[in-house]
Amino acid sequence: MARAVDGSAAVPLFGNTFWSTRQRDANALHEVSYRACFKPALPRFFIQRLCPAGGRVHDPFLGRGTTALEAALLGRIPSGVDANPLSKVLLEPRLMPPTEAAIAARLDELELDADAEVLDDLEVFFHPRTLRAIGALRAHFLRAEASGTLDATDRWLRMVTVNRLTGHSPGFLSVYTMPPNQAVSIATQRKLNARRGQTPPERDVRAVLLRKSRSLLSDCDEALRSRLRAIASDTRLVTGSSAHRPEIADGSVDLVVTSPPFLDIVQYRADNWLRCWFCGIDPDATAIAELRRIEAWTELMTAVLRDLRRMLTPNGAIAFEVGEVRSGTVRLEEHVLACGVRAGLVPHAVIVQDHEFTKTANCWGVSNNARGTNTNRVVLLGR
Ligand SMILES: C[S@@+](CC[C@H](N)C(=O)[O-])C[C@H]1O[C@@H](n2cnc3c(N)ncnc32)[C@H](O)[C@@H]1O
């Protein structure tokens, strides 16, 4: 099967179950939630085939950093960009994981009963004493960041706290709410509490943070720590828009694996409001794109692809993952192909990972794909 691009040669389309879709088929360090993240098996598939050992893997839309972390775990050098500073908060500490002993010692040192400012009305999520501890942690991280003393252990604990803020089980600091990557508004949580007849229970903040740390570190030993340390100084993580990133040198990237914001499907600002508050980030001051019109979206993607072309080595490749949006009425992969051609790239293939593929035989327009829930569509481009 093939798709024509801009009247030029047809681009081959491959559909199959190419990579594992099992939840836990990856290093536990990946286990932090983020809206619209892909599974580590997706970047792994391309990294293992298209990037030499020690080569550079770049992601212009890092999110939680799935591509960057998987690249580092596979002995490649990661780099990447995200408009939201939250991305670095989530990724950096997992590229430099401290030991459980260091984390436990820091938790013992931290004063969790200190007075600190918190947002009004957060008691809808948290017991007053839990909220006091969250405020104390937040003040500590902000102070340490401002004075340049935020070390790897603090960064780790900030990342874990961000991930434990809200969720639907006692493993989180909040009362029952939405999963942690989709913080609901205060008004919605108030209604949820009334409907469920719930008030936020007190949590043992140290125990919650230590338990999650232990789980994240369950596949991490000293050998891995020292492999990660060896590439740390070459890792480049940038906060800002991906449209033009001169920090990443010409001809320095062997492979790009990425997934851009999909039109207006995910509200990265609204979903991350509580996490951003905790980290002292103003989401409205970022370059996060939530583009409703396809014209504005393709303009941004063409600029990004042009800049990625500049970064690529002569044999470099780009794997650009998109979903089907608006119930299949917009096939973003076709727009990406056109943007790629406009950016001077050569389209190689469209790869459709369909979990049901072997059962359905035909990947285009079949009803079980209509909402784009179980496919990954990857456009492969080269220089
Ligand atoms: C689909 S998510 C990426 C998810 C990522 N693949 C992962 O596994 O976590 C898209 C990301 O693009 C970021 N973003 C939105 N507009 C951007 C822009 N103009 N430049 C760079 N990043 C942007 C969002 O903050 C979001 O983290």
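Of the 25 residues around the ligand, which come nearest? The legends below take up this point in a predicted model.

**View 1. The shell around the ligand.** Tyr 34, Arg 64, Thr 66, Asp 82 and Ala 289 come nearest, out of the 25 residues around the ligand. By residue class, the shell holds 15 nonpolar, eight polar and two charged residues. The ligand takes up the space of the second largest pocket.

View 2. Tyr 34 places a polar side-chain atom 2.6 Å from an oxygen atom of the ligand. For Asp 82, an N or O atom in the side chain is 2.7 Å from an oxygen atom of the ligand. Ser 242 takes part through its backbone: an N or O atom there lies 3.0 Å from a nitrogen atom of the ligand. On its own, the ligand has 600 Å² of accessible area, and the protein covers 99% of this. Tyr 34 and Asp 82 are also among the residues that come nearest to the ligand.

**View 3. Phe 125 in its loop.** Phe 125 belongs to the loop between α4 (100-109) and α5 (128-146). Is this residue buried or exposed? Phe 125 counts as buried because its relative accessibility is 0%, and the cut-off for buried is under 20%.

**View 4. Phe 125 and Arg 190.** These two residues stand 65 residues apart along the chain. How far apart are the C-alpha atoms of Phe 125 and Arg 190? Their separation is 8.5 Å.

Notes
Residues numbered from 1 in each chain as written. Predicted model: local features only at pLDDT ≥ 70, side-chain atom pairs only at ≥ 80, totals over all residues. Heavy atoms only, no water. Near = heavy atom within 4 Å. Polar contact = N/O pair within 3.5 Å; in protein donor to acceptor, adjacent residues only side chain to side chain. Areas by Shrake-Rupley, 256 points an atom, 1.4 Å probe, with all protein chains shown as cover. 1 Å grid on protein atoms, 1.4 Å probe; cavity = no way out; pocket = protein on both sides within 12 Å on 5 of 7 lines; lining within 4 Å. Sits in = over half its atoms within 2 Å of the grid points. Nonpolar A, V, L, I, M, F, W, Y, C, P; charged D, E, K, R; others polar. Helix = DSSP H or I, 4+ residues; strand = E, 2+ residues; numbered from the N terminus. Buried < 20%, exposed > 50% of the residue type's maximum accessible area, 1.4 Å probe, protein only.
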